[in-house]
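Dear colleague,

Please find the structure below, handed over for your study. My notes on its salt bridges follow.

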Amino acid sequence: WSSRLGGVTLPRPIHVGLQDPRPIVGWISDVLRAGKTPYLHAYVSCVTRICQTAMEANVSLAGVHFAMGGEPITPGRLALIEKAGARAYPHYSSEESGHVGRGCLASEAADEVHVIQNRYGLIQPGDDTVPELPRNALLITAITPRARVILINFSLGDEATLTNRRCGCPL
C-alpha cells in the first residue's frame with residue numbers, strides 16, 4: 001500500500017525455484033539494460049546458483065549487487081560471485097537479534113562485516129573463561145532500548161575473529 005500511495009506500483013511476486021533461476025537472471029539483465037543497478041538480498045546458496053546460471057548463459061553480472069546472509073560466505077563462493085562480475089556484501093543477523101553487522105565495502109575477508117556498535121556489544125570468551133564455548137564464540141549483548149529481545153552475552157552458536165581496523169569504507 002505504501003508504494004501505491006507513493007505512486008509506484010510493485011510487480012506481483014513470482015516464485016522461482018533454486019533449480020532454475022533463469023527468470024532472476026533475466027530480470028537482472030533487464031535492469032542492467034535499463035541502466036539501473038540490480039540489488040538482490042538472498043541466501044548465499046541462492047546467489048551462487050544465480051551466478052552459475054548467468055555464467056552458463058554468458059550473461060555478465062557486472063554492476064549487480066547482492067546482500068547475502070543465512071549461511072557461511074566462503075572465499076570460494078565469493079570468488080564465484082566475483083567471477084560472474086557481481087559484487088557481494090555479507091550481513092550478519094538473526095531472528096533474536098536483528099541486524100548485527102553489515103558487509104564491509106573494503107573487506108579483507110569474504111565474510112567481513114562492520115558490527116552495528118550503537119545497537120550491540122560483542123565479546124568472546126577467550127581462553128578457559130567459559131569451557132563450554134569455543135574461544136572464538138560470539139556473545140551478543142543488545143545495548144539499545146528498542147531491542148527485539150533482551151540479550152546479555154547471548155550465543156547464537158557462531159564463531160568469528162573480532163578485529164578493529166580502519167578500512168576506509170563509508171560504513
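A salt bridge here is a side-chain nitrogen of Lys or Arg within 4 Å of a carboxyl oxygen of Asp or Glu. Please keep in mind that the model is predicted. Side chains of opposite charge can pair when their charged atoms come close. By this rule, the structure has 5 salt bridges.

Between Glu 108 and Arg 165, the N to O distance is 3.6 Å. This pair joins distant parts of the chain, 57 residues apart, with Glu 108 in the loop between β4 (98-103) and β5 (113-115) and Arg 165 in the segment after β8 (154-159). The closest N and O atoms of Glu 112 and Arg 165 are 2.9 Å apart. Here too distant parts of the chain are linked, since Glu 112 lies in the loop between β4 and β5 and is 53 residues from Arg 165.

Arg 165 is partly exposed, at 30%.

A further salt bridge connects Arg 33 with Asp 30, with 2.5 Å between the closest N and O atoms. Both belong to helix α2 (residues 22-33), and because they are 3 residues apart there, about one helical turn separates them. Arg 33 is exposed, with a relative accessible area of 64%, while Asp 30 is partly exposed, at 45%.

With kind regards

Definitions and conventions. Residues numbered from 1 in each chain as written. Predicted model: local features only at pLDDT ≥ 70, side-chain atom pairs only at ≥ 80, totals over all residues. Heavy atoms only, no water. Helix = DSSP H or I, 4+ residues; strand = E, 2+ residues; numbered from the N terminus. Buried < 20%, exposed > 50% of the residue type's maximum accessible area, 1.4 Å probe, protein only.
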